[in-house]
Amino acid sequence: MGYNYGKLVKGMRYLPLSEITEEMYLARPIFSGDGKVLLSNGVKLTKSYLERLKGLGYEHLYVYMEGEKVTTFSAPVSDQTIRDALQGVKDSFLKAAQQRQLNLKQVNEVVNYILDEILTNPTVLYNLMDLKNHDNYYYLHSVNVSIISALIGKKLGLARDKIKELTTGALLHDIGMVCIDPLIISQPRRLSDEEMAAVREHTNFGFQLLRSARNLSVLVAHIAYQHHERMDGSGYPKGITGKDIHLYGKIVAVADSYETMTTGRVYRKALWSHEAIRQLKESAPEKYDPDVVEAMASSVASYPVGSVVSLNTHEEAVVVDVNAKKITIQFSSGPRVNALLDLEPDSEIKIEERLS
Ligand SMILES: [Fe+2]
């Protein structure tokens, strides 16, 4: 809204479905819950595709216009790793649902891929918004939470084997959901108190499932157990306070909350990344560990790639890349239209508002 698509702007934008027209192309692939490509990038968004995506629950897509070139950007992990991780999570959830042993070799491999990519890149940020839908929701949520948790662990200076434990637990933190009535989980509305109480049990179920898994650290099980506990004791299942919550539990609580807040539900609008960061900061130290929130805030992009923003120069721009050192924008209005510019923390040009 308020954004003029008549101008030729290069690069990909993250736009609400209501603003996407048939002359736009998909800029990021869409994955199914098991990591298959449902729709590849470069596909022209016809009316029927748009209808189908709406039916799957999409509210935003990454798009570009005809004739534009989508520049590459520094994602925290590759698309292939996301696909492998989705497969690993889905397989674990299915095995757990069938009360079979988890394939920890696969999980282990996926976590190693994630760490290899994240730990070797000194300036990487979590800079993508989700492309979740009804079918892949819990799987992609789990993968995103594991990536954000790994970044927080790295920021806090944890050793690789600790980050590995943390990332494994983050990937499986919601595995107890397989024990919850799917009719409750799929309700497109706010849940009743009784239904909420049933859903809260996923922390206990997750703990049981992971504690009994062979070759898995008990701390991994504790992440599933504690990720809804809050510093002031207002969380669940035990209502324990900060001093009794393990650091991994505190980290996954923040990563999970950030990821959930930036995802829309039928009954709740998604927050922009900078809004979610602000809210989490406001909820520390009551709900969240302030050091963990700080580490999260410097691990995720306030304005992820594809954000349409207004600047203090009254120009508009699209964020085309972002890392821990700078935000690369491309002007989409004014005399510098299409020009690229790196914004560093001390730059005079500042982002004032996110428009889309
Ligand atoms: Fe959860």
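1. The model is predicted: local features need pLDDT of at least 70, side-chain atom pairs count only at pLDDT 80 or more, and totals for chains, interfaces and linings use all residues. Residues are numbered from 1 along each chain as its sequence is written, and side-chain values use heavy atoms, with hydrogens and water left out.

2. Domain 1 consists of residues 13-73 + 305-354, and domain 2 of residues 79-297; such bounds come from an automatic or database domain assignment. Taken over C-alpha atoms, the domain centres are 26 Å apart.

3. At the interface, 28 residues of domain 1 are in contact with 24 residues of domain 2 (contact: heavy atoms within 4.5 Å). About 2,300 Å² is buried between the two domains, and carbon and sulfur atoms give 58% of this. Buried area is the accessible area (1.4 Å probe) that two parts lose on being put together, summed over both. Phe31, Gly33 and Arg354 supply 25% of what domain 1 buries against domain 2, more than any other three residues.

4. One salt bridge is counted between the domains (a side-chain nitrogen of Lys or Arg within 4 Å of a carboxyl oxygen of Asp or Glu). Arg28 forms a salt bridge with Asp79, with 3.0 Å between the closest N and O atoms.

5. On the side of domain 1 that touches domain 2, β3 (30-31), β4 (37-39), β5 (60-65) and β7 (316-322) each supply at least two residues. The largest share, three residues, comes from β5. Strands (E, at least two residues) and helices (H or I, at least four) are DSSP runs, numbered from the N terminus.

6. Six aromatic pairs are present in the structure. Rings of Phe, Tyr and Trp (its six-membered ring) pair if their centres lie within 6.5 Å; planes under 30 degrees apart count as stacked, over 60 as edge-to-face and the rest as tilted. Phe93 and Tyr139 have ring centres 5.6 Å apart and planes at 75°, so this pair is edge-to-face. Because Phe93 is in helix α2 (residues 79-97) and Tyr139 in helix α4 (residues 137-155), the pair ties together parts 46 residues apart in sequence.

7. Some backbone values deserve a look. Most residues other than glycine have a negative phi, and most peptide bonds are trans. A cis peptide bond joins Tyr236 to Pro237, with omega about 10°; Pro237 lies in the loop between α9 (218-226) and α10 (247-261). Another cis bond joins Ala284 to Pro285, with omega about 5°. Gln99 has a positive phi, near 55°, and is placed in the loop between α2 and α3 (104-119).
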